[in-house]
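User: I'd like to go through this one and ask where the labels come from. Can you take me from each value to its conclusion?
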Number of protein chains: 4
Amino acid sequence: MAKVFDYAEVSKHNTAESCWVILYNNVYDVTSFLPEHPGGSKIILQLAGTDATEEYDPIHPPGTLEENLSASAKLGTIDPATLPSTEKSPGSEPAQGEEESGPPDLENLLNLDEVEQAATKQLSRKAWAYYFSAGDDLLSKTLNNTVYRQILLRPRVFVDCTNCDTSTSFLGHNVRLPVYVSPAAMARLAHPDGEWGIAQACGTFGAMQIISNNASMTAEQIVAGAAPDQVFGWQLYVQVERWKSEAQLARIKKLQNIKFICLTLDAPVPGKREDDERSKNIGPNLPVRSAVQEDDSTSTTSSEPKTPAPKPKAGGIGQSLFAGTAADLTWKTTLPWLAQHTSLPIVLKGLQTHEDAYIAAQHAPQVKAIILSNHGGRALDTAPPAVHTLLEIRKYCPEVFERIEVWVDGGIKRGTDVVKALCLGARGVGVGRAALFGLGAGGKEGVARVLEILKAETETCMRLLGVERVEQLGMHHINTRAVERDIYHDSGHTGRPGLWAKARARL
Amino acid sequence: MAKVFDYAEVSKHNTAESCWVILYNNVYDVTSFLPEHPGGSKIILQLAGTDATEEYDPIHPPGTLEENLSASAKLGTIDPATLPSTEKSPGSEPAQGEEESGPPDLENLLNLDEVEQAATKQLSRKAWAYYFSAGDDLLSKTLNNTVYRQILLRPRVFVDCTNCDTSTSFLGHNVRLPVYVSPAAMARLAHPDGEWGIAQACGTFGAMQIISNNASMTAEQIVAGAAPDQVFGWQLYVQVERWKSEAQLARIKKLQNIKFICLTLDAPVPGKREDDERSKNIGPNLPVRSAVQEDDSTSTTSSEPKTPAPKPKAGGIGQSLFAGTAADLTWKTTLPWLAQHTSLPIVLKGLQTHEDAYIAAQHAPQVKAIILSNHGGRALDTAPPAVHTLLEIRKYCPEVFERIEVWVDGGIKRGTDVVKALCLGARGVGVGRAALFGLGAGGKEGVARVLEILKAETETCMRLLGVERVEQLGMHHINTRAVERDIYHDSGHTGRPGLWAKARARL
Amino acid sequence: MAKVFDYAEVSKHNTAESCWVILYNNVYDVTSFLPEHPGGSKIILQLAGTDATEEYDPIHPPGTLEENLSASAKLGTIDPATLPSTEKSPGSEPAQGEEESGPPDLENLLNLDEVEQAATKQLSRKAWAYYFSAGDDLLSKTLNNTVYRQILLRPRVFVDCTNCDTSTSFLGHNVRLPVYVSPAAMARLAHPDGEWGIAQACGTFGAMQIISNNASMTAEQIVAGAAPDQVFGWQLYVQVERWKSEAQLARIKKLQNIKFICLTLDAPVPGKREDDERSKNIGPNLPVRSAVQEDDSTSTTSSEPKTPAPKPKAGGIGQSLFAGTAADLTWKTTLPWLAQHTSLPIVLKGLQTHEDAYIAAQHAPQVKAIILSNHGGRALDTAPPAVHTLLEIRKYCPEVFERIEVWVDGGIKRGTDVVKALCLGARGVGVGRAALFGLGAGGKEGVARVLEILKAETETCMRLLGVERVEQLGMHHINTRAVERDIYHDSGHTGRPGLWAKARARL
Amino acid sequence: MAKVFDYAEVSKHNTAESCWVILYNNVYDVTSFLPEHPGGSKIILQLAGTDATEEYDPIHPPGTLEENLSASAKLGTIDPATLPSTEKSPGSEPAQGEEESGPPDLENLLNLDEVEQAATKQLSRKAWAYYFSAGDDLLSKTLNNTVYRQILLRPRVFVDCTNCDTSTSFLGHNVRLPVYVSPAAMARLAHPDGEWGIAQACGTFGAMQIISNNASMTAEQIVAGAAPDQVFGWQLYVQVERWKSEAQLARIKKLQNIKFICLTLDAPVPGKREDDERSKNIGPNLPVRSAVQEDDSTSTTSSEPKTPAPKPKAGGIGQSLFAGTAADLTWKTTLPWLAQHTSLPIVLKGLQTHEDAYIAAQHAPQVKAIILSNHGGRALDTAPPAVHTLLEIRKYCPEVFERIEVWVDGGIKRGTDVVKALCLGARGVGVGRAALFGLGAGGKEGVARVLEILKAETETCMRLLGVERVEQLGMHHINTRAVERDIYHDSGHTGRPGLWAKARARL
């Protein structure tokens, strides 16, 4: 029978020499685990001697404790009567100091901005900062959205628009919406429904979902209850220790709903998300799921050893999640390795130039789709929005659209944005933050509200364009003049001829 | 002799099982009418057991009660002494919480923005929201106006500008202003003078008026007192039940002042007007005139029946007015049907591309004019302003100007805007909100003030350009460089050649 | 001996039947003059029975009373002891409700914006509104300035810039600054120094001044004390009654300092200056100098007599000053008439297109210079800034620069603006509001401060460009790309070929 | 033994007739020095009879007193007990009225804007105004930064980005950062660490530093403690009295760390920095170091002697520092003179056109590098940003990049800005204000923080672009469309053919 501890006893073990924490009413000695924690020992030490459940729970899927701690680490249980009355930790307070307003009336949220506003009042500051943040000055995040506003629609009239059908297919799998949910990490920070809640909402609307590699629930939990024809993808961040990724791929293979692997390429190293980094000073840091140790793969290799490694204090969630992620992926080595470990089609996420799109298309049929994405503006600030890359491909290598599917994400706020992306040649459009804010605003019903709004706006737009089915949408339905003059021009005056030829030659 | 009821008695009948309302001091039992009400039963039930006159009156033309209720529905009259002292319903309060300011001094309103500001203080929030609202983020509404500001004028000097004549003609009918009043619904929401008041002001200035299909007065009332040479058009929203539209056309035929039928094409389904939708929560909804039942013509036909029909809660006036409107109009079926039921010339309203303008011109002489319009930005957001379509026609198919008249509306705030549209090739310029805000600011005198301002500004502009008559205005009087670079370019890189040929082939 | 009146007696004569006013301590019966007053009788009646000196004085040059009233109108003098203690009339209060700040320290005003701010605190609201106002939405006024900010400078370095010389010549007359003072009306509204004060400051800096036709002092007063080589021009607004203009020309002929006649063409009818019009409600209107009666030359000649003449209530100073101005000037009739009445060179002010510049150049040598001007944005809103017209001339008819001098005005705030205009081909640059605001800020010393700032900034700019003399400035010193893409393009798709040929044919 | 004075005695000598000051506890009679003071006598007289140490110290390097005063000027020492209790002089108060906040936590400053904000709270208003100020309306200063935001990056993915190396070389000298510190004057105004502190931080990061000609420490002090391989340049403002510059060059020759002479060309006369000028009214002016008298080299040579020399009241630090600087440098005379007095390579700073870059390249090998710079926007407002000049050179004379190194400065706020400049062809990027604000925020650790941030951001950017070494960066990594349409076009319609030929001919 497990020993029962008083809180007073536990609270004495609050140092690196003896570090205990309470999790789900159990008492653990994590002293020996401290150096192994992927997010660093400091995060745990901030919680040493206390009940860490509130911080631990929303970002660790079940099984994490068992995978990482030996059985002997569990010392016993806590006597609940001895626990201090709970106070909200500072980081868990709402992002906006609103009076107690209660959950929003979802039906009164008319658009995605209002959903975000409602979620901002519900989310903790840390969760809000993690979701809202983007690289540097948020220029790419902003441009992701405003670029759609620069495109005008061209409605055709005197056309029967009684019928409207938003269904399409991804990689041959039928879906009822051209909108899918992008892999977005840590959904339980927003709401206990977590990624499962997103899956439920997607099921209702026939929408596809890509599960994040950093999900706060296991893939098995997320797809639980999905209909046989509900379509999922699974995102892979390749780990420095490749065997970990290989084990994950083997586990995913067993889930029939997961139809493809989404290999993320747009964030080999973390971007600088200052809103997220600032939140490190609010309450204890959020520990991370990944069970690998921080290594040096991202440190400088400057030949001058005298230079101190420049590490502006990180500490946001985004930075922590990168621990263990490999930065050495290449066309030549990674795709063959993947072929050894999965037979699922590969979707490459994060392409931002026509050159890379061209190269990807050469890798069909292993690569079946690409996602044009700047990681929601969270990686490199002033990276181009997907709309630019779509126009680049149209200009320089339109054959890409024939060989592989092209999906896009970033900046979608309106059904008109969805339609514009489809007119430009995208097969589908991902939403990330919108789903998380929907979750924050109202759990799975909030996600459903987001999809409901997008579906209704998309249909209204299609009807007013005089279009019945998504495959009818084309460049003649939009006016992109204001954007086209800004896209990359492979000018002759670079003084370095043949670059494009070389890009193709990189294959 | 009619029975006299106490208010206490009436107020008991406030359910779907027994629903009474007081209208114009009469008591009606509308229980059996509830399922037939075009705006839905809920709107009536909100007023069950009360005096609904204030809500009912401004949006139902005379005859509506008689057309829709059997004689037996009228139970008797109300004893006025028993009526509760009136309180303003929340939705009828002014849109801006101004101190009691009284009606504005019209002569001190120097421009259309000031008229709108004055009206905003007078109008109920519901009426303001209905008039002010536009699609999604109001981008098209805003662009409608700012696009005129991007065009520069080119004044010629040392020209005798003693004389100035703003007269012109529409479809051969002489008018004294190139500005006409667009079909704008529900004018009595703004002022008891309603559409008749607009007609009176138009008569004073020799301006044309197009009567809305959703007018709050009958066409007969509106043209009452008009001079024989006063020019009107009548707007047709084709109803799902075609016989209703046929009956309307037969009735219109008898009014000599009505010279053409304006068939509206730019809003086959309602746009998303969030300001309007938000006002549903303020007081009871406004019921609507149209005597047809809501049908399913706008619901999705997705092949997957599992999807719940996405209906973001509507409830604004705009949504209600669409009940019964047909979404299946086409060039091939609707024009021949119209030819059977009217011999008046047809004006097609809502064209937004040069392709559709080109097709319309092929339908002369039945079609005698087109109105380039994005419905005041109220239908599809980011649809192009009429100025874009004018420039497109000039670029791709200028012969349209030779075959039919081209009118425009949307965004007119200044006489310089009027002149710019005329320089671009428009024969006339419609104002919608401006007339309604004029009505709101001061009834028919307010509308007259709007026309007076526009006429004076137009004349000043013409004189300073060195132009005496409107037909002298041309492209050499304006500099459109800043706009021309943004208009649609039928580029070769769409990868889909022959679209334009196909557009022509749609005839 | 003159009779002496009590104020109580005078104040009884305050109607149209018997209207007395006190001016300069004299009592006048102006009853019979009421219908003849150019600004209308209403303005006088507002002051009937009172001491009108404060309102009358700053805008009527000496001699006005004698010219317009018979000797018998002077009834006697007022007993000063009976005058009520003076209260500021509402319209004469400062434009900004500042605490009593006293006159500004001119040396601390570092730029023209600060001069304007200082003047705004000193000026009456009426004077401020008259100076500040511009047409409609002030778009041209704003563009006049911002267009200079769009132009970048191209400094050449490693050049000896020890010396710098801003001297140049206008029509062969040497000046020490390429900046001149434009004809700006009613300077005594700003300060008792009036136009004479401007002349004094111009004398100090060797700058040219053009005297307004609506000056508040006589030309003789203004040039009093000028050095023999000080250069003036005289602005002519041709009067409907030509003999009045002929008399003025004869009078001007006697003043040796006046070297040319500046015929203003950019405001044949008044623009709509709403700030100015609004000020009519503040205190009594300001009467005007011109001794001609309001006529109907600007009224509509619409063939439909039923239309009421649209006269949005005017009442600003700008409107009043137009009374009597002819709107029927033409190339063919006016220049020959002028040749009969003056042998001075003619400078045409207000050209805004290259076509008119081209025509003007055909009228050399009678026409020796043109001023590209949109009247400070006060006439037609969205008329082009002078920079556009300069670039148009360069593009379409650069020979104009060879045949006549090209001056510009509008929007000058900085020495860099002056230099940019000169680089574009302007011989000189006029400032209007800046001089008036200088006057308002500190009388003639304030004007001198304005010229001192502009001279110093111009020299700094020339030196940093590596330029010693103004004639060295050229297009290679500026980058106009951002402006050039916006100037008028005589495109082929107007559907009206030959316009340009016709423009030339208008000669 | 030195005489000891009471403060009461000293304070009597506060006039031009007898002027004493206390410096470092010594009492000096500076009456005879008054007319010789480079900044003018007024600055000293404001401090006459007081302890001037606080004002004198931070801007005069050691040795200044000895160089300029005879031994007899030192009268004795002050009795410290008689000194009044010190009050902060008004000009030395913080620029922002913050509550006492103490020094910032440098690790929490995440970007350069936050460093500037922190410094603004620490700096005196005078120091802030001197650092922050720029010419006229700050348009060039603003454009310097925003032009980088107009350039988009083009990340290549699926590339091994484990390694990243920011090292490069300037003129053959190895550095570990492509970022160097520009010559920025008066660093001790920000912090006692002064320019030495900057050198210390540069040493830590292997960054180059160019020492200002107006440094507040001697060059010997600044390089004290530098490693043998630490790279410095020395900025030269050529003095009117050439022997002074020659003496400085001789002195610099002895410092092995100084590898080149940076001849500044972009500010032969001071720009108009109004923020700086305004600060003259706050407390006594700051005297200046340079030991030469104000001369008339910048006064006008207008042929009309009557004109008063226009001297808008200067008084900012920037103006004072120009006293004695020569304005007559030329390609033909100055470079040969330099060759006589130094064998170090010459770097020309302040080129702003491709023409001058072309000419400079003709002067290789004496000229080994040019710095494209508009002096941080502090000289001529609306001068082009360095990015424009880079693109101009690429367009018109790309061979310049082959012949000499091209460095740039101005507007750098982010690592992405650094990378963009390198992609455009710059070999290195200078930061001026950023270093000074770092110094103000936290002394040498503050400067180190600035370099640490820039290095980390630069590495993140390179990795996310898929680039390992700086020499791999090229035009294919950026999209400059939005900037390229704004750069200078050598158009044919200037009406002055052959300018470019002449520019080349200026050699």
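Analyst: Happy to. Domain bounds here come from an automatic or database domain assignment. Keep in mind that this is a predicted model. For chain A, the assignment gives domain 1 (3-81) and domain 2 (127-268 + 325-489).

User: How far apart are the C-alpha centres of domain 1 and domain 2 of chain A, and how many residues of each are in contact?

Analyst: The C-alpha centres of these domains of chain A lie 38 Å apart. As for contact, the cut-off is C-beta atoms within 7 Å. Five residues of domain 1 of chain A are in contact with seven residues of domain 2 of chain A. The domain 1 side of that contact has four nonpolar residues, one polar and no charged ones.

User: What makes Lys253(C) count as partly exposed?

Analyst: Count the neighbours. Buried takes 20 or more other C-beta atoms within 10 Å, exposed takes 12 or fewer, and partly exposed is in between. Lys253(C) has 15 C-beta neighbours inside 10 Å, so Lys253(C) counts as partly exposed. Its place is the loop between α10 (242-252) and β11 (258-264) of chain C. Lys253(C) is also 86 residues from Ala339(C) in sequence and 13 Å from Ala339(C) in space, C-alpha to C-alpha.

User: And Glu220(D): why is that residue called partly exposed?

Analyst: Glu220(D) has 14 C-beta neighbours inside 10 Å, so Glu220(D) counts as partly exposed. You'll find Glu220(D) in helix α9 (residues 219-223) of chain D. Along the chain, Glu220(D) and Ala357(D) are 137 residues apart, and 32 Å separates their C-alpha atoms.

User: How do you know which relation holds between chain A and chain B?

Analyst: Two copies of a chain are related by a rotation about an axis and a shift along it. Here, a rotation of 90 degrees with 0.0 Å of shift along its axis superposes chain A on chain B, with an RMSD of 0.1 Å. That is why the relation is the one of a four-fold axis. In chain A, Arg485(A) has the C-alpha nearest the axis, 6.6 Å from it.

User: Which elements give two or more residues to the side of chain D that touches chain A?

Analyst: In chain D, they are β5 (152-153), α15 (386-396), α18 (433-465) and α19 (481-484). The largest share, ten residues, comes from α18(D). Overall, 45 residues of chain D are in contact with 47 residues of chain A. By class, the chain D side divides into 18 nonpolar, eleven polar and 16 charged residues.

Methods. Residues are numbered from 1 along each chain as its sequence is written. Chains are lettered from A and ligands numbered from 1 in the order in which they are written. This is a predicted model: local features need pLDDT of at least 70, side-chain atom pairs count only at pLDDT 80 or more; totals for chains, interfaces and linings use all residues. Two residues are in contact if their C-beta atoms, placed from the backbone, lie within 7 Å. Ala, Val, Leu, Ile, Met, Phe, Trp, Tyr, Cys and Pro count as nonpolar, Asp, Glu, Lys and Arg as charged, and the others, Gly among them, as polar. Helices (H or I, at least four residues) and strands (E, at least two) are DSSP runs, numbered from the N terminus. Copies are superposed by least squares on the C-alpha atoms of residues with pLDDT of at least 70 in both.
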